[in-house]
Amino acid sequence: MQIPRKALTIAGSDPTGGAGFQADLRTFQSMGVYGLSIPAVLTAQNTEGVHCVHELSADFVSEQMDVLLRDIRPDAVKTGMLYAFDTVQVIARKVRQYSLDKLVIDPVTVSSTGVRLIEEKGMDIIGKDLFPLAKVITPNIYEAGVFAGLKIEHAEDMKGAALRLKQLGPETVIITGGHLGHKALDMLYDGEEFVFIENERLEGEFHGTGCVFSASLTAGLALGYNVKEAFIKAKDFTYRAMESAVFMGNGLKLLYF
Ligand code: PXL
């Protein structure tokens, strides 16, 4: 048997499976990549929203990384909801220690229903410690605005924000969830060119689109695609999963694939 490509997610737990490391694992599997997972924080939530956040100690996250990484080397890695300042710090330290490359940082800040998914002081440290180590960062339009200190309203603003975010050190910036009239816009900037992907906007409110997008991008990198190819594949995967989204509970639709 050939050894499969492996991707690691370090992220929060979402019991609905719509977001968090559970969504990442489903995405990896669905793209033919073996999934490894390290929970960084737990949540109690359903499709109506996040009820509470339960922190795991940074030491325990560190221990999980040490034990796993001295045994198995992932082909690509993503981070999602990390929540605590010291967890972010410890992950950055371990990424350097194990020379993890093909790192995708999804700087998760708030849930679709508006609950904070990162400590106040955690935001800065993501920008400072993790962005410089990233092959790709995948903020949505709101997060890009916060990190760049800009209000994003038009496609031109997405470009301006990407230029600023690039200065924080990632190789490539992908901003998701922009819009232009009835079109949904996602944009990649690698320091040389801007690549836009335009789709019809889908009706409805979805839970987990950011997680599924960054996980499918990570799977693409683990499979050996370059960032632009992985971007196109991830967008396509996410869009199709949104088209097939279902109401599992009483709240938001969950992406289904
Ligand atoms: O979609 C962002 C997100 C990421 N990770 C976890 C979440 C959420 C949103 O609720 O719960 C664990």
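Hi everyone, let's start in the middle of the protein: the largest nonpolar core has 42 residues, and the ones with the most contacts inside it are I10, I91, I105, L165 and I175. Keep in mind, please, that this is a predicted model.

Let me pick out L165 from that group. Leaving aside residues up to four places away in sequence, L165 touches F131, I137, P139, A144, F147, A148, P170, V173 and I175. There is also a second, separate core, with 29 residues, and M31, V212, L217 and A230 are among them.

Now for the helices. The crossing of α2 past α3 is right-handed. On the α2 side, the contact uses A58, V61, S62, M65 and D66, and α3 brings D86, T87, V90, I91, K94 and Q97. Sorted by class, that contact has five nonpolar, three polar and three charged residues.

My other pair is α1, residues 20-30, with α7, residues 209-222. Here the angle is about 40°, and the axes are 9 Å apart. α1 and α7 are therefore oblique to each other, and they cross in a right-handed way. Who makes the contact? From α1 we have G20, A23, D24, T27 and F28, and from α7 C211, V212, A215, S216, T218 and A219. The classes here are six nonpolar, four polar and one charged. You'll remember V212 from the second core.

Technical notes:
Residues numbered from 1 in each chain as written. Predicted model: local features only at pLDDT ≥ 70, side-chain atom pairs only at ≥ 80, totals over all residues. Heavy atoms only, no water. Left-handed = near helix turned anticlockwise from the far one by under 90°. Helix = DSSP H or I, 4+ residues; strand = E, 2+ residues; numbered from the N terminus. Contact = heavy atoms within 4.5 Å. Nonpolar A, V, L, I, M, F, W, Y, C, P; charged D, E, K, R; others polar. Core = buried A, V, L, I, M, F, W, Y, C linked by side-chain atoms within 4.5 Å. Buried < 20%, exposed > 50% of the residue type's maximum accessible area, 1.4 Å probe, protein only. Axes fitted to C-alpha atoms, helices over the stretch in contact; angles between N-to-C directions. Parallel < 35°, antiparallel > 145°, perpendicular 65-115°, else oblique.
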